[in-house]
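Me: I have a structure to go through and I'm new to it. Can we take it piece by piece?

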Amino acid sequence: MFGIALKSLRSKWRDYIVLFVGLIISAAIFYMFSAMANNKAFLESNSIVSQISIIFVIGEILLGIITFVYLNFANAFLLRLRQSDYGLMSMLGASKKQISSLLLRETLSIGVISTIIGIVLGFALTSLSSSYLIKLLGVELTHWQSISIKSVVITLMFFTVLFLLNGLYNQRRLRKQDTLTLLLANKQVNQPKVHVKVDLFFGLIGLALLIGSYVLMPKIASLGMAGFVLILVLNVWGTYWFISRTLKMITNGMRQSSFSMRGLRSFINGQLSFRLPDYQRMLSSIAIMFALALGAMSVGQGYYRMLPKLAESSYSMTAVYDTDKVKTDNLKDITWQQTYHYVKNGQTVYFNGAEFNQNKLPARVPEKNGASMRTKWLTGDYIRQTPGSEYTLEGIANQLLNQSYGAKVVVTQNQSEMPTNAKVQSLRLVKVADMLVNEKELAHNADIEEKVNNTKVEYAAGSYAGYQQTKGIFGGIEFMGVFLGIGFLAMLAATLMFKTLSGVADDKQRYRILAMIGTSNKQITQTVATDLGILFGIPMIIGILDVVFGLKMFAPLMAGEKNIYLGFGPSLVGILVLYLIYYVLTVWMYRRLIKN
């Protein structure tokens, strides 16, 4: 039976190739995340990467979930494609047990072969992705390994278990069907019921729910968590009812219109009417997942692009230097710099308040409306008399003590109140007009600071250190978002493709009738392209609209609406290219299948 299974795979290679591609991409990305998450030497030797290691684990989990869903649709398509073959085997004397065993072996063969190829591709992907991750994080990565035996075993075991579960599920479905059902599979078509008034009523409700969610999205700041839940409910139910009810209302209304009577539009409208009841849940899910994939990539890239501005708006100085070996002569456009003195005594750092009276200390404070920040110049007397105003000095003190938090600050009235049992030291605060223009020089100064005082970037104060820390976190999120977006979309588009191709048996006879009444091959191909274009376009358009309006919810976190679409354009182009590739493949395979 194993030989028969391999021959079956070879004979149906055109139908299996897209399944293979989706699984190979999934396995390669899964291996890459696993290799990063399980490389202890890599995580321990790169402080920024160790902070985002959980991102790689989350990426594995999310990819595993969507892969499981993808496999269900893909294997259902392949089972439906081969049902007549299994029925013929049953007529020739093969038992259900033998056919089930053949099905399981075919499923496992596909899984093992695609996973092994995916792992090999994962070696190359992991190696190539290092340069991309270095660019995002802005650090040199050490102990990077492309090949991990542990990750190979994890990936192979994970995908084998997934295919085993899917194979057993397919076996169960196959055993419930008799020989006649297998031979005559997909020969019956259910006529969808039309209730004009009911469809109109619920169709308008579905449209209203979806529009309502879009209207509320920009107001998320005032609505709070309850508003977010309301938007989520309205959007999910609005998407489902729009696809199941509103589109049905539109197709019903177009049946008697002059627009629908031209050419083969009536046929396309009928195709959509037949498909919607069976496709409504899947199209709703794909629309939401499309929006999540595009939204995640857009927010990740948008945040990453605006990190310098966020860092500069959050800190009153660019850098703090605790050594005379750092020279600020290499910095361009210095807008302010000042030297202060301090004394360290255990976990307490003492500052001379008289120096702040003479040369005020800048601090970032919120405006009265809370929507933006401004710089406030503080005197030593003000800091001593106003509890909570010393938070800027606390950040500096933690850098001086080489720790992330826990430092205590004391601002004395003058030099005479400073402790005499410890050495008085100096530090220099500096602010530049444009941090990115000075990024190379700031990185050089930070290296000197680390070599002299062992000051890690995660302990340092100032906008440059804050930028480097958030760059690591959001760079990791963008890294995960890009690869997960590719994996998600590849499998989501393939899921829609498999669902569409599984209905070829229902559509074949209708297209044959078109050919019999004189429709040319070119017209049939155009009709197929339009028919499938509508199916692919529905979740794509809804998903894009979800992101266009949904990104407005991030305006308070991204310093206004002017920044919310920074990452939308590049993300949209990348996703649409991949989505279009799957659409073209689906049209080609669908056209080939209805000819057979």
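Me: Is Tyr214 buried or exposed?
Reply: Tyr214 is buried, with a relative accessible area of 8%. Buried means under 20% relative accessible area, exposed over 50% and partly exposed in between, with a 1.4 Å probe and protein chains only. This is a predicted model: local features need pLDDT of at least 70, side-chain atom pairs count only at pLDDT 80 or more, and totals for chains, interfaces and linings use all residues. Residues are numbered from 1 along each chain as its sequence is written, and side-chain values use heavy atoms, with hydrogens and water left out.

Me: How many aromatic pairs are there?
Reply: The structure holds 17 aromatic pairs. Rings of Phe, Tyr and Trp (its six-membered ring) pair if their centres lie within 6.5 Å; planes under 30 degrees apart count as stacked, over 60 as edge-to-face and the rest as tilted.

Me: What does Tyr214 pair with?
Reply: Tyr214 is stacked with Phe549, at 4.7 Å centre to centre and 10° between the planes. Tyr214 sits in helix α9 (residues 196–216) and Phe549 in helix α18, so to speak distant parts of the chain, 335 residues apart. Helices (H or I, at least four residues) and strands (E, at least two) are DSSP runs, numbered from the N terminus.

Me: And how accessible is Phe549?
Reply: Phe549 is partly exposed, with a relative accessible area of 26%.

Me: Why is the pair of Phe536 and Tyr583 edge-to-face?
Reply: Because the ring planes of Phe536 and Tyr583 are at 65°, with the centres 5.6 Å apart. Phe536 is in helix α18 and Tyr583 in helix α19 (residues 568–595), 47 residues apart. Both Phe536 and Tyr583 are buried.

Me: What about the span of α18?
Reply: Helix α18 has 30 residues (521–550) and should span 44 Å at 1.5 Å a residue; its end C-alpha atoms are 43 Å apart, which agrees. The expected span is 1.5 Å times one less than the number of residues.

Me: Where is the kink in α18?
Reply: At Gly537, shortly before Pro539, and about 30°. The bend at a residue is the angle between axes fitted to the seven residues ending there and the seven starting there.

Me: Changing topic: what is the strand order in the open sheet?
Reply: The order of its five strands is β1-β7-β2-β3-β6, with mixed pairing. Two strands pair if DSSP finds at least two bridges between them. The edge strands, β1 (319–321) and β6 (408–412), each pair on one side only.

Me: How many bridges join β2 to β7?
Reply: Eight, between antiparallel strands β2 (residues 334–345) and β7 (residues 425–432). Ile334 stands opposite Val432 in β7.
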